[in-house]
Amino acid sequence: MQALKHMEAPQAARPPGAGEIAGMDLGHRWYAPGTHITIRGLHKTFGAHTLYDGFDLDIPKGKIISIFGPNGCGKSTLINMIAGILPYDKGQILFDGKDVHDTRIGYVFQNYREAVFPWMRAIDNIRYPLKYLDLSKGEKEARIDRLVESFDVKIDLNKYPYQMSGGQQQMVSIMRALVVDPEVLFLDEPFSALDYEMTQFLRDRLQKVFIERPVTTLLVSHDLDEAVYLADYVLLLSRNPTRIADFVPFDAPRPRSAETTLTPDFLRVKGHSLEIFQREVRK
Amino acid sequence: MKSSEELMSKLQPVLGLFLLVVFWELAFEMRLVDPVLLPSPAQSFQAFWHGLEEGSLWADLRRTVARTGISFAIALVIAVPLGILLGSSDKVYRALEFPIDFFRSTPASAMFPLFLILFGSGESTKIAVAAFGAALAILFATAYGVMNARKQRQLAARVMGASRLQVLSDVTIWESLPQTFVGMRSGVSLALVIVIVAEMFIGSTDGLGQRILKSQMVFDMPDMYASIFAAGALGYLLNLLFIVAERRFVHWGGK
């Protein structure tokens, strides 16, 4: 892979503070300091339709990136390629220089109904991914206990998913993604099928987890308020072939609450993002 | 008022049966049909009871159950792994879909002569044909279930680090279970049908099919009805057994 060639690619987003430092040259693998995921020369077509053509992106470590853009610009496609569940035609995606298969990831699907395993109890669903980690039995149980405690779960996890509400199922799905202590967390519109109350509850729990232990997170959202509210950076995408329209930092302190959405900073970031979004939609 | 409604709702399931017996009794009393051809319900029930008591109906019933059970077991052992294999590869499935669908649609009874040549006129032919019929039903259902496994659940397992084989064993097979059970239910019914027919026409000295045919030939009508009833009850119970097993083992199905 000739990642070096793409070094000066204009659309590569850099975390602030990283841009002015010269990128580290690690032989054939180059990435800016503080970067976790590097995407170079990504190329993806669906039939005659080119979705990504030479797409470059740097994703900073331990930050939450909200991905927002026009319909059909390939937000889910992008995170699925990064997560390694969708093949891409050309390009390179590395996690701290590692391949996705050497990286612990957690993935939360929008459609929780078809993501949890209905033949297992909720607690066994949460336990399931631990079988792929080399941990002792005691360690595994300790992890589950910690997670259940930090989520402050009020429901009986010995129920089967179909005995639970949609929000509770999505909570199980989120806990299943977090139990492996992922290096990268993918959230594909995780709240879009849930009611407002449950959405707020899950957002709060997620924030709590992030504060306890920052994890690089990619969140696809079609709700700009939510995208900004949860984000350290809002990644705005253009119509396809998809480019980066902007990469907007939002560094309001955590935990954020309803008041956060009234601060001038929030309104500025949201306004700016909306402006760019509308510009891209009109194109 | 309320209690009489409750009583009605409890009686409803047996109401149809009750009406049938009343209608049968009336037909018998009014001599609508020659009493030699249609004995009274009481006579038929007596024959059924007698057959059980002196043991010959039991013995025939047991033979039929054994044949059906063995053919079903053979079918299951062959068809489930093959169905999983077939369903997990699009290419293999597309190549074999037509011949399998064709044989599945072929009446298994049409295969009797062929199986007679292959297996002779003994026990093995009856079991082989019944197993053949049941296996195709199970094979098709299993393959269908595997092919229609939710892709997202498989992706979820893969993203957690499951290998292809682990996706198959942890997700795909579970996903296909509801369909497999549907196939097993139709498979066991089919096996019973074929076993009964085989007992009638392929040199048998025992089994319900043979008993029905024999009592018809000697005009022992009460015993014929008793044997038909035994075969019906067997089919009904088998179906019930599989429904209960299905609820137990695929409790998440349809939810």
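Domain bounds here come from an automatic or database domain assignment. The model is predicted: local features need pLDDT of at least 70, side-chain atom pairs count only at pLDDT 80 or more, and totals for chains, interfaces and linings use all residues. Residues are numbered from 1 along each chain as its sequence is written, while chains are lettered from A and ligands numbered from 1 in the order in which they are written.

**Exercise 1. Find the domains of chain A and describe the contact between them.**

Step 1. The assignment gives chain A domain 1 (3-103 + 183-282) and domain 2 (111-182).

Step 2. Count the contact. Two residues are in contact if their C-beta atoms, placed from the backbone, lie within 7 Å. Domain 1 of chain A brings 15 residues and domain 2 of chain A brings 11 residues.

Step 3. Find the elements. Helices (H or I, at least four residues) and strands (E, at least two) are DSSP runs, numbered from the N terminus. On the domain 1 side, strand E8 (184-188) and helix H5 (196-212) of chain A each supply at least two residues. H5(A) gives the most, with seven residues.

Step 4. Sort by class. Ala, Val, Leu, Ile, Met, Phe, Trp, Tyr, Cys and Pro count as nonpolar; Asp, Glu, Lys and Arg count as charged; the others, Gly among them, count as polar. The side of domain 1 of chain A that touches domain 2 of chain A has 10 nonpolar, no polar and five charged residues.

**Exercise 2. Describe the contact between chain A and chain B.**

Step 1. 16 residues of chain A are in contact with 13 residues of chain B.

Step 2. On the chain A side, the classes are 14 nonpolar, one polar and one charged.

**Exercise 3. Compare the pairing of E10(A) with E11(A) and that of E7(A) with E8(A): parallel or antiparallel?**

Step 1. Strand E10 (residues 233-237) and strand E11 (residues 244-249) of chain A run antiparallel, joined by five bridges. They form a hairpin with six residues between them. A:Val234 has A:Val248 as its bridge partner in E11(A).

Step 2. E7(A) and E8(A) run parallel, with four bridges. A:Ile105 stands opposite A:Val184 in E8(A).

Step 3. Check burial. A residue is buried if 20 or more other C-beta atoms lie within 10 Å of its own, exposed if 12 or fewer, and partly exposed in between, with C-beta atoms placed from the backbone. In strand E7 (residues 105-108) of chain A, A:Ile105 and A:Tyr107 point one way, A:Gly106 and A:Val108 the other way, and all are buried.

**Exercise 4. Locate the largest nonpolar core.**

Step 1. A nonpolar core is a set of buried Ala, Val, Leu, Ile, Met, Phe, Trp, Tyr and Cys residues joined through C-beta atoms within 7 Å. The largest has 125 residues, and A:Ile67 and B:Ile138 are among those that touch the most other members.

Step 2. Helix H6 (residues 123-147) of chain B gives the most to this core, with 15 residues.

Step 3. Both domains of chain A give residues to this core, so it lies between them.

**Exercise 5. Where are A:Asp96 and A:Asp152?**

Step 1. A:Asp96 is in the loop between E6 and E7 of chain A. A:Asp152 is in the loop between helix H3 (137-151) and helix H4 (166-178) of chain A.

Step 2. Read phi. A:Asp96 has a positive phi of about 50°; A:Asp152 has one of about 55°. Most residues other than glycine have a negative phi.

Step 3. A:Asp96 is partly exposed because 15 other C-beta atoms lie within 10 Å. A:Asp152 is exposed, with 10.

Terms used:
Pairing = 2+ DSSP bridges.
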